[in-house]
Amino acid sequence: MGNGTATITASAGPVSGIVVVTVTQAIASVDVSPSMAELTAWGETVHLTAEAFDANGHAVMGTVFSWESAKALVAEVNALGVVSGIGGGEATIATSAGAASGSATVTVPPTFTLSGTVRDSRENGPLLAGAVMGLENGKRESMVIGPDGRYRFSNVWGTVTVRAIAGPTHATEAVEITVDEDHTLDFDLEHTGVAPYGGTVYISPRVVEPSDPTTLQSITYAGRGERRVPDRRHDSWITINAYLFHVRYGGHVVEFRVNPEFGSQEVAQAEVETYGHVLG
């Protein structure tokens, strides 16, 4: 009649005997409901329920089930039997309790690719490398755009909200679209007037290239001489017998002072030629 322990007593006249009977249902089958489900919108889920039965068809109460998706790239299922679509196709969702199991089939609509670029809205505005893209109403994490200013989401379908964030320099923009085919969506973000960094070196370490033009005209070695220079190794000023060079930029001459640790005029001049060109 139910799970538990009962004492059965038999008597005949003045004598009796007892036996202890324990009833523990064994799970013989598992039913899953609904047995088939189709997701029709991005972010939609379906809650599958399971019920266990013994060999005589009586429900086994208090059963704990485990869930698993045969195609995790199509659909995933959590510990409560809630199924979420990930990509187009058909997935079998199985549940088990003891040696018994059951399953349901979940169909996810075909999916598409959503891609585009994010750039500054001003005339000839640059592509915004490093902008953050978010795809809402679905199982897609935000992504950071690469140096080419492009983004690409795969496995998208239905109505979604796409958000482009490039703050604080640009205003955030969000667009709601229905994706029922491969779709291109470009963003032109309005500049807020806020500078992106405190200096150009933080934008790119290659602001100045070796091929860029320079005002450097000539380098003349001027011998050795004592000069007071900063030494960052000790965060103090020191006096050195420097290699001296007169470097001409247009109508101006600048004295370059090279630490004697470079060891020779030739090596010191190579440093001046490198930095002299760049500073020009």
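**Entry 1: the Glu255 corner**

I started at Glu255, which is partly exposed because its relative accessible area is 26%. For my own notes, buried means under 20% relative accessible area, exposed means over 50%, and partly exposed lies in between, with a 1.4 Å probe and protein chains only. Before going on, I noted that this is a predicted model, where local features need pLDDT of at least 70, side-chain atom pairs count only at pLDDT 80 or more, and totals for chains, interfaces and linings use all residues. Residues are numbered from 1 along each chain as its sequence is written, and side-chain values use heavy atoms, with hydrogens and water left out.

Which residue does Glu255 meet in a salt bridge? I found Arg257 there, at 2.7 Å from N to O. A salt bridge here is a side-chain nitrogen of Lys or Arg within 4 Å of a carboxyl oxygen of Asp or Glu. Arg227 belongs to the picture too: salt bridges that share partners join Arg227, Glu255 and Arg257 into one network. I also looked up Arg257 and got 44% relative accessibility, so Arg257 counts as partly exposed.

I picked out Arg163 with Glu136, whose closest N and O atoms are 2.7 Å apart. This pair links distant parts of the chain, 27 residues apart: Arg163 sits in strand 16 (residues 158–165) and Glu136 in strand 13 (residues 132–136). Strands and helices are DSSP runs numbered from the N terminus, with at least two residues (E) for a strand and at least four (H or I) for a helix. Arg163 is partly exposed because its relative accessible area is 28%. Glu136 has 31% relative accessibility, so Glu136 counts as partly exposed.

Next I went to Glu261 and Arg233, whose side chains meet in a salt bridge of 2.8 Å, N to O. This pair also links distant parts of the chain, 28 residues apart, with Glu261 in the loop between strand 22 and helix 1 and Arg233 in the loop between strand 20 and strand 21. Are Glu261 and Arg233 buried or exposed? I have both down as exposed.

**Entry 2: the second largest pocket**

I then checked the second largest pocket, which holds about 300 Å³ of space. Its lining has 16 residues, and the closest to its centre are Arg257, Val258, Asn259, Phe262 and Glu271.

A note on terms: on a 1 Å grid over the protein atoms alone, a pocket is an open set of points with protein on both sides within 12 Å along at least five of seven lines, whereas a cavity is a set where a 1.4 Å probe fits but cannot get out; lining residues have an atom within 4 Å of a point.

Which element gives the largest share of the lining? Helix 1 does, with four residues. The elements giving two or more residues are strand 20 (216–231), strand 21 (236–249), strand 22 (252–258) and helix 1 (265–279). By class, I wrote down 10 nonpolar, one polar and five charged residues.

**Entry 3: a nonpolar patch**

Strand 2 (residues 15–23) gives the largest share, three residues. Val23 lies in strand 2, and at 35% relative accessibility Val23 counts as partly exposed.

I looked at Val32 in strand 3 (residues 29–33). Val32 is buried because its relative accessible area is 12%. Along the chain Val32 and Ser154 are 122 residues apart, and their C-alpha atoms are separated by 31 Å.

The peptide bond from Ser33 to Pro34 is cis, with omega near -10°; Pro34 is in the loop between strand 3 and strand 4 (36–38). Another cis bond runs from Gly167 to Pro168, with omega near 5°, and Pro168 is in the loop between strand 16 and strand 17 (173–179).

Last, I noted two positive phi values outside glycine. Asn124 has phi near 60° and sits in the loop between strand 12 (112–120) and strand 13. Asn124 is exposed because its relative accessible area is 75%. Asp235 has phi of about 50° and lies in the loop between strand 20 and strand 21. At 65% relative accessibility, Asp235 counts as exposed.

Conventions. Grid points are joined across faces, edges and corners, and a volume is the space filled by probe spheres set on the points. Ala, Val, Leu, Ile, Met, Phe, Trp, Tyr, Cys and Pro count as nonpolar, Asp, Glu, Lys and Arg as charged, and the others, Gly among them, as polar.
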